[in-house]
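Me: Could you take a close look at one part of this model for me, the aromatic residues and what surrounds them? I'd like the cut-offs along the way, please.

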Amino acid sequence: MPEASSRIVRPFLPMWRRALGDKSEATFAEVVAPHIRLEGSIYAIPIDGRDKVWTCMRTAASFT
């Protein structure tokens, strides 16, 4: 089963690397819907909207 999952995920990796690596947000805006929602156990509430999700992800990336 991991083999099938790998074939699905692999095409997305280069796109996500570019989207998250572009500090201007332009590439992220091209690949992410405006109504995106980011949820996780580390967040008090879901994060809604492309701009807010971008800010959250870039802030998290600055910590690592």
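Reply: Phe-28 and Trp-54 are both buried, where buried means under 20% relative accessible area, exposed over 50% and partly exposed in between, with a 1.4 Å probe and protein chains only. Please keep in mind that this is a predicted model: local features need pLDDT of at least 70, side-chain atom pairs count only at pLDDT 80 or more, and totals for chains, interfaces and linings use all residues. Residues are numbered from 1 along each chain as its sequence is written, and side-chain values use heavy atoms, with hydrogens and water left out.

Now to the rings. Those of Phe, Tyr and Trp (its six-membered ring) pair if their centres lie within 6.5 Å; planes under 30 degrees apart count as stacked, over 60 as edge-to-face and the rest as tilted. The whole structure has 2 aromatic pairs. Trp-16 and Phe-28 make an edge-to-face pair, with 6.3 Å centre to centre and 65 degrees between the planes. Trp-16 lies in helix 2 and Phe-28 in helix 3, so this pair ties together parts that are 12 residues apart in sequence. Helices (H or I, at least four residues) and strands (E, at least two) are DSSP runs, numbered from the N terminus. Trp-16 is partly exposed at 31% relative accessibility, whereas Phe-28 is buried with a relative accessible area of 0%. Phe-28 also pairs with Trp-54 in a tilted arrangement, at 5.0 Å centre to centre and 45 degrees between the planes. Here Phe-28 lies in helix 3 and Trp-54 in helix 4, so the pair ties together parts that are 26 residues apart in sequence.

Leaving aside residues up to four places away in sequence, Val-53 touches Phe-28, Ile-36, Leu-38 and Ile-47, a contact being heavy atoms within 4.5 Å.

Helix 4 itself deserves a look. Its 14 residues should span 20 Å at 1.5 Å a residue, and its end C-alpha atoms are 20 Å apart, which agrees; the expected span is 1.5 Å times one less than the number of residues. The buried residues of helix 4 are Val-53, Trp-54 and Cys-56. They cover an arc of only 165 degrees around the axis, which puts them on the same side of helix 4; the arc is that of the directions from the helix axis to the C-beta atoms. Helix 2 (12-21), helix 3 (26-31), strand 1 and strand 2 are among the parts that cover these buried residues. On the face turned away from the buried side, helix 4 carries the exposed residues Asp-51, Lys-52 and Ser-62.

Arg-37 forms a salt bridge with Asp-48, the closest N and O atoms being 2.6 Å apart; the term requires a side-chain nitrogen of Lys or Arg within 4 Å of a carboxyl oxygen of Asp or Glu. Arg-37 lies in strand 1 (residues 37-38) and Asp-48 in strand 2 (residues 47-48), so the pair ties together parts that are 11 residues apart in sequence.
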